[in-house]
Structures are given as structure tokens and as C-alpha cells.
Amino acid sequence: MSDADAPGDSGSVSSGSAPEAPESATAALVKAARESDLGLVVGTLLAIYAAATLLTFTDGLNSVVGLMETLTFLGLVYALTALALNLQWGYTGLFNIGVAGFMAVGVYTMGMVVRSPDPAFGPPGLGLPLPVGIAAGVAMAAVLGAVAALPALRLKADYLAIVTLGLSEIVRLSLQSSAFDNFLRDTVGAGTGGGRGMGMPDNPVRELFLVDGQAGTPTAFGEFVFGVFGADGLGISNPILIGWGYIAVLAAFLIGFYLLVERLGRSPFGRTMKAIREDELVADSLGKDVNLVKIKVFVIGCALMGLAGILWFGSQGNVSPTPQFRPLLTFYVFIAVIIGGSGSNTGSVLGGIVFAAVLFEGPRRVGGVVRGLIDAETPPSFADALVSLDPVTFLAYATDNIAPLQFVFLGLVLVFIIHRRPEGILGDRIETAAAVDLSERPGGGETDE
């Protein structure tokens, strides 16, 4: 009987464990996605795309893909800038709140170098090729970073922040000045345009789709893309498809940024940066050249900020110092780093994507959809909306005034994050100080956990 029971028992055990296999496989897949940096980023983008589809699916495929393109573009450019800031603030503890100024220097230098010497309108340029202009913009941002590093050798925390903010405002006001524009035209033969701004060169990605950037003459690749996905195919407009092509370029640069910053963080230079962040006096007492490391970090980080500015605003057609490079831009980048987690490169990417989609663009998009569903007049003031005691009326006022209320929402979110989870989404990850894998001993055995 016992022999007969044995197979039955084993059979019952196997039959009982069989249904658990898919559950364990699913759990393992979810766990792997959570632990994988790429899985986290892709999963976040998919969730954002799902939300964008829900918001615009009634307007057609073109609107859905267009909103996805806008959210992806903003997420990538904020992620690029957040990675550059994370190198200075997250790794080294250098409080640089002049990000907007370094971005402005990069994109304006690129425009001055690339623009035609005799343009039809706007300030003249040097007429050099685009790669030369990009290299010049990055180099000029790096030089300004070296200048900003000089006070960083002596100042701490808040005082360094004040200096970098002042430097950023000096850059913005100089670019806005017509006197500075005239001075550059007389000395180097290229101007900034002053308060009117500067037109940027045509987006080179358009050359992948269009001949000489003209909409009437697509390339063979453009004809294929426009025929399959464009108005004759899926109904997506050609500018949106060209925008997705530029997003592919941004994604390639983001991968390059990530690999560079990650490699720096795992190198001996990166371990010195983290040592300075934790205790500068201890790092100096151990024989590390703290001043040289600070200068290098500022130069590298500001060069990356200049390149991020070129990739971001250089594709917008026109740049102007006042609306685009105000200190508010630096504040946004800091929020992205805080959301993702200071010191985490993957957190900076996630923070940039989440900030752009959920906090920056999301409220306006959701407010527009909600306002379309509300049949109520907008009160003339906030006090009238409160006095009415009607939630529908108050919601109508809120959706019509989403821009000022968005700053209140940002402040509440920031206070909540700092109070509840100051380390951010991925800031609690343990950073390995060794440059080699220590998960196994030289003899083959695993180390004790």
C-alpha cells in the first residue's frame, strides 16, 4: 500500500507544483524587469505611452503618435541634462544651479559658428560645417565650466550655488544685450541676435527623409517611411515621422551619455568624486588632488550640458535667451534628478522621463481633456471659484488656469518626495566602490552576504 501510495504522492506533488510554474516564471520576469535598468526605462515609457493613448485615442492615430513623440522628446532631453547634472551634484556634491547658462553657451556658440555669414535675416555667422559648430559649442561650455570651477575650489554648497546662478544670469543677460551682439559682430563677425534671438540651422535629420530639407522631394528612405507610416499609409503626418527620426538620434546620444557617466563613476576618478561628496577633508588627507578633481568634474559636466543644449534647443528652429534659458530650466532639471535619485544614473534617466511626462507636460494635457468634458463657465478669479462651493466650477477654473497651478503642484510633489523619499526612485541603490566584480572569491566561492 505504501508502495502504491508513493507514486500517487509524487504524482500529486508534481501535479500540484505544475500550475505554479507559470506564476513563478512571471514573477521572475517582473523581478528581472525591476532589477534591469533597461527594463525600468522601457516599462516607464510603455506606461506613459498607454496613458497618452487613453488621452488622445478618440482624436485618431496621428494625435496619439504625436503626443507620444512630444513626451518622448521631452523625456530624453531632460534625461540628457539630468545625467550631466548628476555627474556634478550626485557624484561630487557640487551644487551647480547654472545649468541653463551652460546650455545657452553651447547652443548659441553652435549657432554663431554654423549660421551663414550673410543671412537673409538674423545675425551673421561664420558659415562653418555643423560638426565644427557642435564641437565649438561643447568646447565653449567646457571653458565656461573651467571658469566656474575657480570659485568651486573655495566655496561650499550654498555659496557655490549663488555663484553659478549669478554666472548663468550673466550669460543670459549678455546674450539678450544688443550691445554685446554688436560687439561680437565687430570682433568675430558673428552675432547673437540680442533679445530677438537667433535662428538655428536646419535639422540634419531631415536630410534622411527629404532632399535639401524640402517637403516636396523626399529621399528613397523618406518615400518608404512616408508611404508606409505617413498619410498614405497609417495616416501619420510627415513632421511627426521626422520628429521620431530625431528621437532616435537623441536616444543614441542618451546611451552615450549614460555609458560615459557610468564609466566615470566606476573608475578610480569616480571613486574620488564620491569621496569628495562624502567628506572632502578625508579625501584631501588621503592624498587626492581635490581641486583638480573639481575642475575636471565641472569641465566634463558643463561640456555635457552644452551638448544637451545643442541637441535640445538646436532643433527648435529659433532660440531666445529670456523665455528658454531662465533659472526655471535649471530648477526643472534639479527636480528630475531629485525624482530619480541623486547619484543614480538610471535614476536620472527615469527622473527626466517621469518629470517631463507626468509633471511638466501631463497636467496641461490632462487639464485640456478634462476641460472638454466640463460644461461650466470659468469663474473670473480663484476667490470666486472657492466661494461658489461647486466642485465642477472649481475644476473648470483649475483646468483653464493650469499653468500657474502647475507650479503649486510641482512644489507639493517636491515637498512630498523630500519628506517621504528623499533618495528618489533609485537613490537607495548600493554603490560599489570596487572596479571589479566582488560577487565571487578568487577561489570560486561566493562571498558572504
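User: How many salt bridges does a search of the whole structure find?
Analyst: Happy to start there, and please keep in mind that this is a predicted model. Among the salt bridges are the pair D181 and R185, the pair E280 and K294, and a network that links E361, R364 and R365. The search of the whole structure gives a total of nine.

User: Why are D181 and R185 separated by about one helical turn?
Analyst: Their side chains meet in a salt bridge, with N to O at 3.2 Å. Both residues sit in helix α8, which covers residues 178-187. They are about one helical turn apart because their spacing in that helix is four residues.

User: Is D181 buried or exposed?
Analyst: Buried means a relative accessible area under 20%. D181 has 3% relative accessibility, so D181 counts as buried.

User: Which helices hold E280 and K294?
Analyst: The side chains of E280 and K294 form a salt bridge at 3.1 Å, N to O. The pair ties together parts that are 14 residues apart in sequence, so look for two helices: α13 (residues 280-285) for E280 and α14 (residues 290-313) for K294.

User: And of that pair, is K294 buried or exposed?
Analyst: E280 comes out as partly exposed, at 22% relative accessibility. For K294 the relative accessible area is 2%, and with the cut-off for buried at under 20%, K294 is buried.

User: How many residues apart in sequence are the parts that R371 and D400 tie together?
Analyst: R371 and D400 form a salt bridge whose closest N and O atoms are 3.1 Å apart. D400 is partly exposed, at 40% relative accessible area. R371 belongs to helix α17 (residues 345-373) and D400 to helix α19 (residues 391-400), so the parts they tie together are separated in sequence by 29 residues.

User: Leaving aside its neighbours within four places in sequence, what is F355 in contact with?
Analyst: Setting aside neighbours within four places in sequence, the contacts of F355 are Y78, Y332, I335, A336, I339, F360 and L410.

User: How far apart are the end C-alpha atoms of residues 64-87?
Analyst: The unreviewed UniProt entry lists residues 64-87 among its transmembrane regions, along with 126-150. Residues 126-150 are 84% helix, and their end C-alpha atoms lie 31 Å apart. Residues 64-87 are 100% helix with 0% strand, and the end C-alpha separation there is 35 Å.

User: Last one: what share of the residues of the protein count as buried?
Analyst: The protein has 20 helices and two strands. Its accessible surface is about 22,800 Å², with 65% belonging to carbon and sulfur atoms. Of its 449 residues, the share that count as buried is 42%.

Terms used
Residues are numbered from 1 along each chain as its sequence is written. This is a predicted model: local features need pLDDT of at least 70, side-chain atom pairs count only at pLDDT 80 or more; totals for chains, interfaces and linings use all residues. Side-chain values use heavy atoms; hydrogens and water are left out. UniProt positions are given in the numbering used here, feature names are shortened, and annotations may be inferred rather than shown by experiment. Contact means heavy atoms within 4.5 Å. Buried means under 20% relative accessible area, exposed over 50%, partly exposed in between (1.4 Å probe, protein chains only). Accessible areas come from the Shrake-Rupley method with a 1.4 Å probe; for residues, only the protein chains shown count as cover. A salt bridge is a side-chain nitrogen of Lys or Arg within 4 Å of a carboxyl oxygen of Asp or Glu.
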